[in-house]
Amino acid sequence: MSWEPHTLTTLETVEPGPVAALSALFDDGTPAAGPGDALPPLWHWLALARWPVSSVLGADGHPARGSFLPPVELPRRMFAGGEVAFHAPLAVGSTVRREARVESVTEKTGRSGRLVVVVVTIRLYDEHDRLAVEERQDLIYREAGAVPEEAAPAGPAAALTPVGAPFARAGEGAWRFATDPTLLMRFSAATSNAHRIHYDWPYATRVEGYPGLVVHGPLMTLALAEVLRLEGDGAPVTRMRHRNRRPLFCGRPALLRRIDAATLAVFGQDEEPCSTLAIEFGEGAGRA
């Protein structure tokens, strides 16, 4: 199949519905952004989520590759991280111009076998045609993991019970972050993310070989960014660099920890972080 990268340009509305949905999901007492308010950093992932028509979805729930994204055959798709520069605020309810393009496709061999790294750039322009957000997203496609001969157990009962409000203070600069299938489903709906590893237990365990449902990479990153609001840090953010290093599985204990004034991380059950977020404050951050 022939494929060439191209720029996809669309006019989109900063939708208030998904913004309200994430505020309800976090349920942490921070102010909800309404029409006319500025979006918190990274919340454009929800406010500008795109809903593909059902007929273009592939077996994993993502849109079939070969149109905007390249026709990579490897089955496992991961949002590995990226970088976002904030040049001007986006207001809830406003109209923005979005320009997206695949910048590179690189084949590699890692410890887990073959992989393909796809780099996508996105630029968002506000109603005054000013560049507001400039973003790089790193997508990784991998080979499927080994599928167990027997079905994976459903996990502890706690993983199947709604956890309530997911954030709980765990000390200075630290917050417990609880997940359950309901939380993951609600986030998938708010972000129009139909990837089955986040809500379809048989698919996640028996097809892609995971030990359980996978917590979304963007959810971990947004939870880290929310720590800034929970701790009352009102300094303007000019840039965020985020990286998803390893999966976090639904129902497993997780800790959001502030490493220093500008670095946060999600930790699972060991000292290796699942996700990291580095932040720049103030002016003069430059471009992504």
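A residue counts as buried here when its relative accessible area is under 20%. Keep that cut-off in mind as we walk through this structure, which is a predicted model.

Let's start with the cysteines. Cys274 has a relative accessibility of 4%, so it counts as buried. Cys250 is buried too, with a relative accessible area of 8%. Might you expect a bond between them? Look at the distance: the sulfur of Cys250 has its closest cysteine sulfur in Cys274, and that is 13 Å away, too far for a bond.

Now hop over to helix α4, which spans residues 201–207 and holds Thr205. This threonine is buried as well, and its relative accessible area is 0%.

Last stop: the empty space. Rolling a probe the size of a water molecule over the atoms shows where such space is left. The second largest pocket holds about 510 Å³. Its lining takes in 24 residues, and those nearest the centre are Leu39, Pro40, Pro41, Pro236 and Val237. Helix α5 (residues 217–230) gives the largest share of that lining, with 4 residues. Sorted by class, the lining of this pocket has 17 nonpolar residues, alongside 4 polar and 3 charged ones.

How values were computed
Residues are numbered from 1 along each chain as its sequence is written. This is a predicted model: local features need pLDDT of at least 70, side-chain atom pairs count only at pLDDT 80 or more; totals for chains, interfaces and linings use all residues. Side-chain values use heavy atoms; hydrogens and water are left out. On a 1 Å grid over the protein atoms alone, a cavity is a set of points where a 1.4 Å probe fits but cannot get out, and a pocket is an open set with protein on both sides within 12 Å along at least five of seven lines; lining residues have an atom within 4 Å of a point. Grid points are joined across faces, edges and corners, and a volume is the space filled by probe spheres set on the points. Helices (H or I, at least four residues) and strands (E, at least two) are DSSP runs, numbered from the N terminus. Ala, Val, Leu, Ile, Met, Phe, Trp, Tyr, Cys and Pro count as nonpolar, Asp, Glu, Lys and Arg as charged, and the others, Gly among them, as polar. Buried means under 20% relative accessible area, exposed over 50%, partly exposed in between (1.4 Å probe, protein chains only). A disulfide is a pair of cysteine sulfur atoms within 2.5 Å.
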